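This briefing covers the fold, the helix packing and the aromatic pairs of one protein model. Please look at the sequence and structure before reading on.

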Amino acid sequence: MERSDAARPFTEDQIIGVLREHEAGVKTAELCRKYGISDTTFYNWKSKYGGMTVSEAARLRTLVDENRRLKKLLAESMLDVSALKDLLGKTDPVCGSLRCGGEADGRPRLLRASRLQAGRGQPVGMAI
């Protein structure tokens, strides 16, 4: 299980293999020297992957990826909600409210939601 490329990180399978060697009785210092890792790296691996099988590590990776994706979706959704709240909270400098312009009979007309424009990556603005 020697590494051919020192810049390439270890795979989860390799990490679990190193930890199994340690469980079989190989000393920590010997493993660190053999695989070119520090004691800190070894103990970080042990705290993260200690006692895991390869399939459990793969499941953990899948769950972490899914969690990251869901957090991103939640953040985007919260950003959209915040932008819409900011937009709806703004008032018109002329009439002092969201009721802008006016009808022919003098009553103010409501700004319809269909006239609001919001898109991903675009600033939210009012089309008046």
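What share of the contacts in the protein chain with a separation of 6 or more comes from residues 24 or more positions apart? Such residues account for 42% of those contacts, where contact means heavy atoms within 4.5 Å. The model is predicted: local features need pLDDT of at least 70 and side-chain atom pairs count only at pLDDT 80 or more, whereas totals for chains, interfaces and linings use all residues. Residues are numbered from 1 along each chain as its sequence is written, and side-chain values use heavy atoms, with hydrogens and water left out.

**Overall layout**

- The protein chain has four helices and four strands, in the order α-α-α-α-β-β-β-β from the N terminus.
- Helices (H or I, at least four residues) and strands (E, at least two) are DSSP runs, numbered from the N terminus.
- Of the 128 residues of the protein chain, 18% count as buried.
- Buried means under 20% relative accessible area, exposed means over 50%, and partly exposed lies in between (1.4 Å probe, protein chains only).

**Helix H1 against helix H3**

- Helix H1 covers residues 12-23, and helix H3 covers residues 39-49.
- The two helices pack at an angle of about 100°, with their axes 10 Å apart; axes are lines fitted to C-alpha atoms, for helices over the stretch in contact, and angles run from 0 to 180 degrees between N-to-C directions.
- H1 and H3 are therefore roughly perpendicular to each other; angles of 65 to 115 degrees count as roughly perpendicular, under 35 as roughly parallel, over 145 as roughly antiparallel and the rest as oblique.
- H1 contributes Glu 12, Ile 15, Ile 16, Val 18, Leu 19 and His 22 to this contact, and H3 contributes Phe 42, Trp 45, Lys 46 and Tyr 49.
- By class, the contact of H1 with H3 has seven nonpolar, one polar and two charged residues.
- In this classing, Ala, Val, Leu, Ile, Met, Phe, Trp, Tyr, Cys and Pro count as nonpolar, Asp, Glu, Lys and Arg as charged, and the others, Gly among them, as polar.
- Glu 12 of H1 counts as buried because its relative accessibility is 15%.
- Not counting residues up to four places away in sequence, Glu 12 touches Tyr 49, Ala 57, Ala 58 and Arg 61.

**Helix H2 and its neighbours**

- Helix H2 spans residues 28-35, and its buried residues include Thr 28, Leu 31, Cys 32 and Tyr 35.
- Seen down the axis of H2, the buried residues fall within an arc of 100°, so they line one face of the helix; the arc is that of the directions from the helix axis to the C-beta atoms.
- The buried residues of H2 pack against H1 and H3.
- H2 and H3 pack at an angle of about 105°, with their axes 9 Å apart, which makes H2 roughly perpendicular to H3.
- Thr 28, Leu 31 and Cys 32 of H2 meet Asp 39, Phe 42 and Tyr 43 of H3 in this contact.
- The residues of the contact of H2 with H3 divide into four nonpolar, one polar and one charged.
- Tyr 43 and Thr 28 are 15 residues apart in sequence and 9.2 Å apart in space, C-alpha to C-alpha.
- Just after H2, Gly 36 takes a positive phi of about 70°.

**Aromatic pairs**

- The whole structure holds three aromatic pairs; rings of Phe, Tyr and Trp (its six-membered ring) pair if their centres lie within 6.5 Å, and planes under 30 degrees apart count as stacked, over 60 as edge-to-face and the rest as tilted.
- Phe 10 and Trp 45 form an edge-to-face pair, at 4.9 Å centre to centre with 75° between the planes.
- This pair links distant parts of the chain, with Phe 10 in the segment before H1 and Trp 45 in helix H3, 35 residues apart.
- Both Phe 10 and Trp 45 are buried.
- Phe 42 and Tyr 43 also form an edge-to-face pair, at 5.3 Å centre to centre with 80° between the planes.
- Phe 42 is buried, with a relative accessible area of 0%, whereas Tyr 43 counts as partly exposed at 43% relative accessibility.
- Phe 10, Tyr 35 and Trp 45 form one aromatic cluster.

- Met 52 lies in the loop between H3 and helix H4 (54-89).
- Not counting residues up to four places away in sequence, Met 52 touches Ile 16, Arg 20, Ala 57 and Leu 60.
- The C-alpha atoms of Met 52 and Arg 20 are separated by 9.7 Å, and the two residues are 32 residues apart along the chain.
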